[in-house]
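Work through the exercises below with the sequence and the model open. Each task is followed by a solution in steps.

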Amino acid sequence: MKGNPMSEMELLRTRLDKLEIHAAHQEQMIEDLQKVANDQWNEIERLTRKLAALGVRLEAVEERTDSPAPVEPPPPHY
């Protein structure tokens with residue numbers, strides 16, 4: 001003998017509600033992760049630009065100091 005049809009409907013409704021809640025939480029998690037990924041991408045782009053600018057500055061400094069380093073006399077022996 002089958003159970004009461006109303007209780008089966010209630011059970012299905014409860015399961016459906018849980019699935020809908022779970023799906024809503026997953027959608028929110030995906031949105032949160034997308035924001036984090038976008039923020040990280042922006043930071044990577046910013047750091048890449050900064051690194052390129054520092055590379056240009058370093059090259060300029062190296063060009064200005066391209067003269068050979070003075071030869072240091074050896075340390076005195078004790």
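**Exercise 1. A charged residue and its surroundings**

Task: State which helix holds Glu63, whether Glu63 is buried or exposed, and which patch Glu63 belongs to.

Solution. The model is a predicted one.
Step 1. Glu63 sits in helix α1, which covers residues 5–64.
Step 2. The relative accessible area of Glu63 is 61%. Exposed means over 50%, so Glu63 is exposed.
Step 3. On the surface, Glu63 gathers with Glu59, Glu62 and Asp66 in a patch of negative charge.

**Exercise 2. Overall form of the chain**

Task: Decide from the secondary structure, the radius of gyration and the accessibility how the chain is laid out.

Solution. 
Step 1. Count the elements: the chain has one helix and zero strands.
Step 2. Compare the radius of gyration with the globule rule. The radius is 33 Å, whereas the rule gives 12 Å for 78 residues, so the chain is more spread out than a compact globule.
Step 3. Look at the box along the principal axes: the C-alpha atoms fill roughly 105 × 35 × 15 Å.
Step 4. Check for buried residues, meaning those under 20% relative accessible area. They make up 0% of the 78 residues in the chain.

**Exercise 3. Salt bridges**

Task: How many salt bridges does a search of the whole structure find?

Solution. Side chains of opposite charge can pair when their charged atoms come close. The cut-off to apply is a side-chain nitrogen of Lys or Arg within 4 Å of a carboxyl oxygen of Asp or Glu.
Step 1. The search of the whole structure gives three salt bridges.
Step 2. Arg13 pairs with Asp17, with 3.5 Å between the closest N and O atoms. Both residues are in helix α1, four residues apart, which is about one turn of the helix. Arg13 has a relative accessible area of 47% and is partly exposed; Asp17, at 31%, is also partly exposed.
Step 3. Lys35 and Asp39 form a salt bridge at 2.8 Å, N to O. They too lie four residues apart in helix α1, about one turn. Lys35 is exposed at 51% relative accessible area, while Asp39 is partly exposed at 40%.
Step 4. Glu43 forms a salt bridge with Arg46, and the closest N and O atoms are 2.7 Å apart. Here the spacing in helix α1 is three residues, again about one turn. Glu43 counts as partly exposed at 35% relative accessibility, and Arg46 as partly exposed at 36%.

**Exercise 4. Charge over the chain**

Task: How many positive and negative charges does the chain carry, and how far apart are their mean positions?

Solution. 
Step 1. Count the charges: there are 10 positive and 15 negative charges in the chain.
Step 2. Compare the mean positions of the two sets, which are 5 Å apart.

**Exercise 5. A nonpolar patch**

Task: Which residues form the nonpolar patch that includes Leu12, and is Leu12 buried or partly exposed?

Solution. 
Step 1. The patch on the surface is formed by Met6, Met9 and Leu12, and their accessible area together is about 330 Å².
Step 2. Leu12 lies in helix α1. With 49% relative accessibility, Leu12 is partly exposed.

**Exercise 6. A distance along the chain**

Solution. 
Step 3. Return to the patch of negative charge: Asp66 is one of its members, as is Glu63.

How values were computed:
Residues are numbered from 1 along each chain as its sequence is written. This is a predicted model: local features need pLDDT of at least 70, side-chain atom pairs count only at pLDDT 80 or more; totals for chains, interfaces and linings use all residues. Side-chain values use heavy atoms; hydrogens and water are left out. Patches are made of residues with over 30% relative accessible area and no salt bridge: like charges are joined within 9 Å, nonpolar side chains (Val, Leu, Ile, Met, Phe, Trp, Tyr) within 5 Å. Accessible areas come from the Shrake-Rupley method with a 1.4 Å probe; for residues, only the protein chains shown count as cover. Lys and Arg count as positive and Asp and Glu as negative; His and the chain ends are not counted. The place of a charge is taken as NZ of Lys, CZ of Arg, CG of Asp or CD of Glu. Helices (H or I, at least four residues) and strands (E, at least two) are DSSP runs, numbered from the N terminus. Buried means under 20% relative accessible area, exposed over 50%, partly exposed in between (1.4 Å probe, protein chains only). The radius of gyration is taken over C-alpha atoms; the globule rule is 2.2 Å times the number of residues to the power 0.38.
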